[in-house]
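Hi there,

Here is the structure I promised to pass on to you. Please have a look, and read on below for what turned up.

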Amino acid sequence: MVASKLGFGVVIGRSDNDTSRRQAFVTMTCERSEKYVPKIRKLKHYVTGSRKCECLSKLRGYCRVNNMWRFNVISSIHNHVLDTKLQGHPIVCWLKPEEKEIILEISIIKVMPRNILVDLKWKRPQSVSDIRKIYNEHYQQNMANRGTRSKMQQLLKLLGNNQYVLMYKMCEDKFSVRDIFWFHPESIKLFNTFPTVPIIDSTYKTNKYRLPLLEIGVTSTEKTFFVGFAFLKYEKEDNVIWALEKTLFW
């Protein structure tokens, strides 16, 4: 935060977290330090540039015996002009506490991160945060809300809090979930009112869990609404029939 106010970015050059039987230390340098070395030699010539200019600025810290950190300024010289504003800078300053509060307030009402950035820029025009910082803060807030619960436990909790009906099948080990199906009671009421044209579609492993997602929707009102969703272990007849039976049962 101090470096960003002065007009440059700080990166970790070297560090050791008290491993290999040596004292924990960290070396922080300017993000424009060292010299750019291309990894692969290309025959085609590209007109490119590099921000690295062998800046000499360096700060070294090490952990003492009493677990207190001591920092020494090895060099405070910058051989480049400092940026007056870090807008569009590769290393953007950290989010301020008031900006985190704005993100938290907007995230509660289920706003997408890309729209959160627009609202943040409107409320705080002087903010230099980018979409990456918004996504990182959004992820940290979700992790804090989840706590020690696993992803499956968090899913069951969220479905219960939002009054969804949940059904699932267990594997042979009686510990892992094989198939999981959920729907909202209001969707079932609409399905019972307009059951003429149901549509069933399965997206094949397009999510990060690499599982088929079965979607059941209805279009008899000239508009599509979803009845239920199911994560299936296999895209086979038995799995689909199980999900349909649960839908018709309600």
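Helix α2 passes helix α3 in a right-handed crossing. This is a predicted model, so please read everything here as computed from it. The contact between the two helices draws on E99, I102, I103, I106 and S107 from α2, and on I116, D119, L120 and K123 from α3. Sorted by class, the contact of α2 with α3 has 5 nonpolar, 3 charged and 1 polar residues.

As for the geometry, α2 covers residues 97-108 and α3 covers residues 113-123. Their axes come within 10 Å and cross at roughly 135 degrees.

Now to the cysteines, in case you are setting up bonds. How many disulfides does a search of the whole structure find? The count is 0. C30 is in no disulfide, and the nearest cysteine sulfur, in C55, lies 3.9 Å away. A disulfide needs two cysteine sulfur atoms within 2.5 Å. The sulfur of C53 also has C55 as its closest cysteine partner by sulfur position, but at 5.7 Å that is too far for a bond.

Are C30 and C53 buried or partly exposed? C30 has 1% relative accessibility, so C30 counts as buried. C53, at 23%, counts as partly exposed, because the cut-off for buried is under 20%.

Happy to hear your thoughts.

Best wishes

Note on methods
Residues numbered from 1 in each chain as written. Predicted model: local features only at pLDDT ≥ 70, side-chain atom pairs only at ≥ 80, totals over all residues. Heavy atoms only, no water. Buried < 20%, exposed > 50% of the residue type's maximum accessible area, 1.4 Å probe, protein only. Axes fitted to C-alpha atoms, helices over the stretch in contact; angles between N-to-C directions. Helix = DSSP H or I, 4+ residues; strand = E, 2+ residues; numbered from the N terminus. Left-handed = near helix turned anticlockwise from the far one by under 90°. Contact = heavy atoms within 4.5 Å. Nonpolar A, V, L, I, M, F, W, Y, C, P; charged D, E, K, R; others polar.
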